[in-house]
Amino acid sequence: MKRRRLFSQFTLGAAGAGLFSACSNSSQKVFTNDDTGGSGPNIEWRMATSWPENLELRFGAIQEICDRVSELTQGSFKITPFPAGGIAPPLEILDTVQSGSVECGHTFGEFYHAKNPAFAFASSIPFGLNPRQQVAWLYGAGGLELIRKLYADFGVVTFPAGSTGNQMGGWFRTKIESLSELQALKIRIVGLGGEVLKRLNVETQTLPPNEILVALEQGDIDAAEWVCPYEDENLGLNQFA
């Protein structure tokens, strides 16, 4: 049987956000008993991520998970996370893990909406479930099995692991008071939320987090949707919108 890569999906809040961690069995570094003085095998994995280090709810959560894995295995299984661009381009984590170029990855499911729109349901969608409902669907109503079938098409297995809470819909350089004012607006937003806005003649863009602030500051975009107010402020979006 072909060995599958381990791929962990982090569920986020109600406005449609999802993260995952991915681990590749094929390229892991394993040290034998002879290398460790007979104390047992040691495993070391690298984790490529889509996130700058200053995003506490995303990169900070990754670090806690990696620390917990090390603690539970008494240091025998170590995962080292790398910030956006440290190993792979931030919007290409799925592809990088799928290829076996890195052992682990952590990213946002809807970055891969173009590969399959169903990636949106790995977390949540606009006007969809709130975080508690999402967890109930995943664990109590067969949602996780459906999501795992989707990720299996890419050679990975997914595990929900956390929530950022509700996403707030975006930051805008000017106040929007009518649908007509959305015409030709340029906004950074991904996934199904972007598809909704396109039908209102909004120009949508997919940018990694480390490029959003610069684009907003320079006026390359008029608005940006990210995660929640806490992480939006960590990213600095409130400085310009």
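The secondary structure of the chain consists of 7 helices and 11 strands, as seen in a predicted model. Of the 241 residues in the chain, 43% are buried.

**Chain as a whole**
- The accessible surface of the chain amounts to about 11800 Å², and carbon and sulfur atoms account for 51% of this surface.
- When contacts in the chain between residues at least 6 apart in sequence are considered, 63% of them join residues at least 24 apart.

**Packing of helices α3 and α4**
- Helix α3 spans residues 131–140 and helix α4 spans residues 143–152; the two pack with their axes 4 Å apart, at an angle of about 75 degrees.
- Because angles of 65 to 115 degrees count as roughly perpendicular, α3 is described as roughly perpendicular to α4.
- On the α3 side, the contact is made by W137, L138 and Y139; on the α4 side, G143, L144, E145, L146 and I147 take part.
- Sorted by class, the residues in the contact of α3 with α4 are 6 nonpolar, 1 polar and 1 charged.

**Four-stranded sheet**
- An open sheet of 4 strands runs in the order β8-β11-β9-β10, and its pairing is mixed.
- The edges are formed by β8 (171–172) and β10 (203–205); each has a single partner strand, so one side of each lacks a neighbour in the sheet.
- Strands of a sheet pair through backbone hydrogen bonds, in either a parallel or an antiparallel manner.
- The pairing of β8 with strand β11 (residues 223–224) is antiparallel and extends over 2 bridges.
- F172 has A223 in β11 as its bridge partner.

Notes
Residues are numbered from 1 along each chain as its sequence is written. This is a predicted model: local features need pLDDT of at least 70, side-chain atom pairs count only at pLDDT 80 or more; totals for chains, interfaces and linings use all residues. Side-chain values use heavy atoms; hydrogens and water are left out. Buried means under 20% relative accessible area, exposed over 50%, partly exposed in between (1.4 Å probe, protein chains only). Contact means heavy atoms within 4.5 Å. Accessible areas come from the Shrake-Rupley method with a 1.4 Å probe; for residues, only the protein chains shown count as cover. Axes are lines fitted to C-alpha atoms, for helices over the stretch in contact, and angles run from 0 to 180 degrees between N-to-C directions. Angles under 35 degrees count as roughly parallel, over 145 as roughly antiparallel, 65 to 115 as roughly perpendicular and the rest as oblique. Ala, Val, Leu, Ile, Met, Phe, Trp, Tyr, Cys and Pro count as nonpolar, Asp, Glu, Lys and Arg as charged, and the others, Gly among them, as polar. Two strands pair if DSSP finds at least two bridges between them.
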